[in-house]
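Visitor: I would like to go through this structure term by term, and hear for each label what it rests on.
Guide: Then let us look at it together and set each value against its cut-off.

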Amino acid sequence: EWFNRINDNYLAVTRNSYRQQYFEVHKSVFSSVEEIPSELERSSLQRVIQILKHHRDVFYSRHKDGEEHRPISAIINTIVADIAKHANPASDVYELLTYVVNEFYTYSLQLTMNEALFTQRYADKTAIKKRGNKWVIQNPANPDDNLANSWTDKTAEIFFKWAENLKTDL
């Protein structure tokens, strides 16, 4: 529900044009735009998440400790959706991907900045937090659940190296 509330803003902007384009390509399957199931709609937010997950899989498969430190899909979904709350829902895939990747960089500053200073400078950056020696990515469906419960500093370092690599590739 949390994700859908954010994603609905993105879907609403592109729904008609996406459905029309999809219909043009698949006229042999559907007799009208209205017949296209909503499950086939993909927002720019959903596409960005798909791109990030694929890039993550490639990056971590090539990293020495990749399987051990690879972030689960729920972490990517949560971070990206939280970031997307502050982006323009009319953003196309490239614009939103660029925005998300740049936000990852800001979060990476937690590796070199103390917790109080980061919180002071970036009070609105709450998707990834470091509290003492513990990394926190709060599960929006269950606030008592920390999705990054098993993260170490090395896990965070590799995650932000992935983000850096993502930015380079972008």
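Guide: A residue is called buried under 20% relative accessible area and exposed over 50%, with partly exposed in between. Please keep in mind throughout that this is a predicted model.

Visitor: What makes the pairing of Asp 65 with Lys 154 a salt bridge?
Guide: The rule asks for a side-chain nitrogen of Lys or Arg within 4 Å of a carboxyl oxygen of Asp or Glu, and the closest N and O atoms of Asp 65 and Lys 154 are 2.5 Å apart, so the pair qualifies as a salt bridge. This pair links distant parts of the chain, since Asp 65 sits in the loop between α2 and α3 while Lys 154 belongs to helix α7 (residues 153-169), 89 residues apart. Asp 65 itself is buried, because its relative accessible area is 17% and the cut-off is under 20%.

Visitor: How do you know that Arg 70 and Asp 57 form a salt bridge?
Guide: Their closest N and O atoms are 2.9 Å apart, and the limit is within 4 Å. Here too distant parts of the chain are linked: Arg 70 is in the loop between α3 (66-69) and α4 (73-84), and Asp 57 is in helix α2 (residues 44-62), 13 residues apart. Arg 70, at 32% relative accessibility, counts as partly exposed, and Asp 57, with a relative accessible area of 32%, is partly exposed as well. Arg 56, Asp 57 and Arg 70 are linked in a network of salt bridges, and by the rule the count comes to eight salt bridges.

Visitor: What makes α2 roughly perpendicular to α7?
Guide: The axes of α2 and α7 come within 10 Å and cross at roughly 115°. Angles of 65 to 115 degrees count as roughly perpendicular, and therefore α2 is placed in that class relative to α7. The crossing is right-handed. Among the residues that meet are Leu 52, His 55 and Phe 59 in α2, and Ile 158, Trp 162 and Leu 166 in α7; the residues of this contact divide into seven nonpolar, two polar and three charged.

Visitor: Why is α2 called oblique to α4?
Guide: These helices pack at an angle of about 140°, with their axes 10 Å apart. Roughly perpendicular ends at 115 degrees and roughly antiparallel means over 145, so the angle falls in the oblique class, and α2 is oblique to α4. The contact involves residues including Leu 45, Val 48 and Ile 49 of α2, and Ile 76, Val 80 and Ala 84 of α4. By class it has eight nonpolar, two polar and two charged residues.

Visitor: How do you know that Phe 160 is buried?
Guide: Phe 160, found in helix α7, has 5% relative accessibility, which is under 20%, and so Phe 160 counts as buried. Leaving aside residues up to four places away in sequence, Phe 160 touches Phe 104, Tyr 107, Ser 108, Leu 111, Ile 128 and Trp 135.

Technical notes:
Residues are numbered from 1 along each chain as its sequence is written. This is a predicted model: local features need pLDDT of at least 70, side-chain atom pairs count only at pLDDT 80 or more; totals for chains, interfaces and linings use all residues. Side-chain values use heavy atoms; hydrogens and water are left out. Helices (H or I, at least four residues) and strands (E, at least two) are DSSP runs, numbered from the N terminus. Buried means under 20% relative accessible area, exposed over 50%, partly exposed in between (1.4 Å probe, protein chains only). Axes are lines fitted to C-alpha atoms, for helices over the stretch in contact, and angles run from 0 to 180 degrees between N-to-C directions. Angles under 35 degrees count as roughly parallel, over 145 as roughly antiparallel, 65 to 115 as roughly perpendicular and the rest as oblique. A crossing is left-handed if the near helix is turned anticlockwise from the far one by less than a right angle, and right-handed if clockwise. Contact means heavy atoms within 4.5 Å. Ala, Val, Leu, Ile, Met, Phe, Trp, Tyr, Cys and Pro count as nonpolar, Asp, Glu, Lys and Arg as charged, and the others, Gly among them, as polar.
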